Amino acid sequence: MNKTVLIVDDELRMRKLVADFLMREGYTIREADNGQSALDILSREKIDLVILDVMMPEHDGWTVCREIRKTSNIPVIMLTARSEEVDQLFAFEIGADEYVTKPFSPKILTARVNALFRRLEREKTAVAVYDGLEIDTTARQVLIDKQSLDLSPKEYELLTYLEENSGKALSRQQILNHVWSYDYFGDLRTVDTHINRLRTKLGDKSTLIQTVRGYGYRFGAEK
């Protein structure tokens, strides 16, 4: 199935470089040179993935990502020269799925786009149910007692990864590699922080996520 990627960057050279590589993979490309134009395109066209620069006129990438997350779970890859850990954590907090720092390899970026689409396609179509907790990977929705749970994209990926490996002890490094990608250089405490936030949102269902002392976590329920 043909996928449409929106590239949002105020540098024409950068947009064309990324577009050329993605078009070779068969993707349809849309381009925007500022945040407002990106939001306009998203409001009227079906876009499957957004590659979003941070520093732009007329709404920066942070603002655009927040606006996208108000209404959509469309995958967002942040593309920026800001490599500080605090910036990366902030990107994930507001809903980014990936974070790529400049300078970067267009081939690697294209591979990550392909991998992200494959991961989405592999998501299970069934609804997993655990004593009132429902994980619907088709709708990318989590419910507790039929009430929708407001999770960030990273919290959702973290929960589904744990559930897909129910009963297995997963190390913090395994979780970091899968949910944040293999070239993410953040602290392992990132996993603990997100687990704590996820448990808070799960409320009395938080006991489904068990701590494996000195190692990591395990999703410990029976269907």
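Leu42 sits in helix H2 (residues 35-44), where helices (H or I, at least four residues) and strands (E, at least two) are DSSP runs numbered from the N terminus. With 22% relative accessibility, Leu42 comes out as partly exposed; buried here means under 20% relative accessible area, exposed means over 50%, and partly exposed is in between (1.4 Å probe, protein chains only). From Leu42 to Leu109 it is 67 residues in sequence and 21 Å in space, C-alpha to C-alpha.

This is a predicted model, so local features need pLDDT of at least 70 and side-chain atom pairs count only at pLDDT 80 or more, while totals for chains, interfaces and linings use all residues. Residues are numbered from 1 along each chain as its sequence is written, and side-chain values use heavy atoms, with hydrogens and water left out.

On to the charges. The structure has 14 salt bridges, each one a side-chain nitrogen of Lys or Arg within 4 Å of a carboxyl oxygen of Asp or Glu. One of them pairs Lys16 with Glu31, whose closest N and O atoms are 3.1 Å apart. This pair links distant parts of the chain, with Lys16 in helix H1 and Glu31 in strand E2 (residues 28-32), 15 residues apart. Both ends are partly exposed: Lys16 has a relative accessible area of 40%, and Glu31 is at 27%.

Glu134 and Lys146 form another salt bridge, with the closest N and O atoms 2.6 Å apart. Glu134 belongs to strand E7 (residues 133-136) and Lys146 to the loop between strand E8 (141-144) and strand E9 (147-148), so the pair ties together parts 12 residues apart in sequence. Glu134 is buried at 15% relative accessible area, whereas Lys146 is exposed at 61%.

Then there is Lys154 with Glu157, at 3.7 Å between the closest N and O atoms. These two are three residues apart in helix H6 (residues 153-164), so about one helical turn separates Lys154 from Glu157. Lys154 and Glu157 are both buried. Salt bridges with shared partners also join Asp9, Asp53 and Lys102 into one network.

Helix H8 (residues 189-202) has the length it should: at 1.5 Å a residue its 14 residues should span 20 Å, and its end C-alpha atoms are 20 Å apart. That expected span is 1.5 Å times one less than the number of residues. Among the buried residues of H8 are Val191, Ile195, Leu198 and Leu202. Just after H8, Gly203 adopts a positive phi of about 60°.
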